[in-house]
Amino acid sequence: MEKIISKAVIACGGYGTRFLPITKAVPKEMLPVIDKPTVAYIVEEMIQSGITDILIILGNGKESIKKYFSKRLDLERFLLDNNNIDALNLVQSISKNANISFVIQDKPRGSADAVWHAKRFVGFDSFVLAWGDDLIFSDAPIARQLIEIYDIMQSSVLGVQSIFSDDITKYGVIDPIKSEEILPKGTHKVAKIVEKPHLEMLPSRLTSLGRYILTPDIFRAIEVLKPAQNGEYQLTDAINALAKDGKMCAYEFEGIRYDLGDKFGMLKANVEYALRNEELKNKTKNYLDTLKFN
């Protein structure tokens with residue numbers, strides 16, 4: 001019987017040190033791309049992918065994320081009293097269309113520990129996992145693309161794309177298995193993920209980029225993990241345990257991924273989203289044209 005995926009987990013941990021000093025007060029996941037925080041785009045992606053229940057894992061000092069997705073009755077009353085119905089509908093839409101809950105990761109013990117906090121929420125279901133600072137623009141929502149592969153493969157799925165620059169050494173790179181099995185286009189069986197490999201040691205150019213479908217087996221793998229040298233528990237190690245048992249595949253998704261934990265990634269996202277915005281695209285184009293002559 002086909003398993004239906006209706007749950008998603010969005011991990012919003014870390015201190016956002018690359019964006020200090022603003023992230024001393026504002027979580028990096030709340031930094032805006034045009035007029036919405038990064039995490040709001042990811043929630044919309046999940047809803048558009050058929051997800052009905054979302055758990056957001058919060059690090060300390062990230063209470064504003066919870067506030068953003070909670071009702072604010074005084075603001076709604078103000079907008080109603082002033083007949084600003086468009087703004088009222090916009091504000092009310094934030095907390096509609098999905099059941100959003102929260103849990104606090106009180107100490108940053110690593111990515112696997114963050115996911116462990118979702119164990120009770122997930123139960124015995126497979127789920128989508130996203131990092132709260134990875135924005136992906138695509139015609140078909142990325143989570144939906146991975147769910148479609150999961151429906152076929154009935155195993156965990158990593159969202160990957162090829163990176164051909166030297167930046168690949170900043171990421172986890174998959175070691176694909178050569179298989180005679182006929183797989184869906186763009187799908188690979190995975191032997192393991194190699195975290196931040198040296199250029200001369202690359203197992204492939206296929207890089208894991210912030211979206212996963214994980215089966216509940218991941219929690220059994222996390223439960224027996226040993227900490228890395230820095231004392232943190234890494235999700236990559238748990239994923240490699242599943243891959244060793246043949247329970248992991250990767251899919252080359254279609255879309256443009258923005259690393260919004262990075263200053264240039266944030267700048268690039270704002271410019272490109274402005275160029276996709278009906279209200280802003282002409283002004284943005286005209287402004288960019290003026291820069292060519294300065």
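The legends below describe close-up views of a predicted model.

**View 1**
The peptide bond that runs from Leu20 to Pro21 is cis. Its omega angle is near 15 degrees. Pro21 belongs to the loop between strand E1 (7-12) and strand E2 (32-33).

Ile34 is a residue other than glycine, and its phi is positive, near 60 degrees. This residue is found in the loop between E2 and strand E3 (36-37). Ile34 has a relative accessible area of 30%, so it is partly exposed. Asn97 is not a glycine either, and has a positive phi of about 75 degrees. The loop that holds Asn97 lies between helix H4 (85-93) and strand E5 (99-105). With a relative accessible area of 63%, Asn97 is exposed.

**View 1. An edge-to-face pair, Tyr68 and Phe69.**
Seven aromatic pairs are found when the whole structure is searched. In one of them, the ring centres of Tyr68 and Phe69 are 5.0 Å apart. The planes of these two rings stand at 85 degrees, and planes over 60 degrees apart count as edge-to-face, so Tyr68 and Phe69 form an edge-to-face pair. Tyr68 is partly exposed, at a relative accessible area of 22%. Phe69 is buried, at 7%.

**View 2. A stacked pair, Phe127 and Phe219.**
The ring centres of Phe127 and Phe219 are 5.9 Å apart. Their planes lie at 20 degrees, so this pair is stacked. The pair links distant parts of the chain, with Phe127 in strand E6 (residues 127-131) and Phe219 in helix H8 (residues 217-223). The two residues are 92 residues apart. Phe127 counts as buried because its relative accessibility is 0%. Phe219, at 4% relative accessibility, counts as buried.

**View 3. An aromatic cluster and charged ends over rings.**
One aromatic cluster is formed by Tyr41, Phe137, Tyr258 and Tyr273. Over the ring of Phe137 sits the charged end of Arg276, 3.7 Å from the ring centre. Another ring with a charge over it is that of Phe121. There the charged end belongs to Lys7 and is 5.6 Å from the ring centre.

**View 4. Helix H1 and the glycine that follows.**
Helix H1 spans residues 38-48. Eight of its eleven residues are buried, so H1 is largely enclosed by the rest of the structure. The buried residues are Thr38, Val39, Ala40, Tyr41, Ile42, Val43, Glu45 and Met46. Of these, Tyr41 is also part of the aromatic cluster with Phe137, Tyr258 and Tyr273. After H1 comes Gly50, with a positive phi near 95 degrees.

**View 7**
Strand E8 covers residues 156-162. Six of its seven residues are buried, and E8 is therefore largely enclosed by the rest of the structure. E8 pairs with strand E12 (residues 248-252) in the parallel sense, over five bridges. Leu158 has Ala250 in E12 as its bridge partner. E8 is also joined to strand E11 (residues 206-214) by five bridges, and these two strands run antiparallel. Here Val160 has Ser208 in E11 as its bridge partner.

**View 5. The packing of helices H3 and H4.**
Helix H3 (residues 73-81) packs with H4 at an angle of about 160 degrees. Their axes are 8 Å apart. Angles over 145 degrees count as roughly antiparallel, so H3 is roughly antiparallel to H4. The two helices cross in a left-handed way.

**View 6. Tyr233 in the loop between H8 and H9.**
Tyr233 has its place in the loop between H8 and helix H9 (235-244). Tyr233 counts as partly exposed because its relative accessibility is 29%. Along the chain, Tyr233 and Ala143 are 90 residues apart. Their C-alpha atoms are separated by 25 Å.

Definitions and conventions:
Residues numbered from 1 in each chain as written. Predicted model: local features only at pLDDT ≥ 70, side-chain atom pairs only at ≥ 80, totals over all residues. Heavy atoms only, no water. Helix = DSSP H or I, 4+ residues; strand = E, 2+ residues; numbered from the N terminus. Buried < 20%, exposed > 50% of the residue type's maximum accessible area, 1.4 Å probe, protein only. Phe/Tyr/Trp six-rings, centres within 6.5 Å; stacked < 30°, edge-to-face > 60°. Lys NZ or Arg CZ within 6 Å of the ring centre and 35° of its normal. Pairing = 2+ DSSP bridges. Axes fitted to C-alpha atoms, helices over the stretch in contact; angles between N-to-C directions. Parallel < 35°, antiparallel > 145°, perpendicular 65-115°, else oblique. Left-handed = near helix turned anticlockwise from the far one by under 90°.
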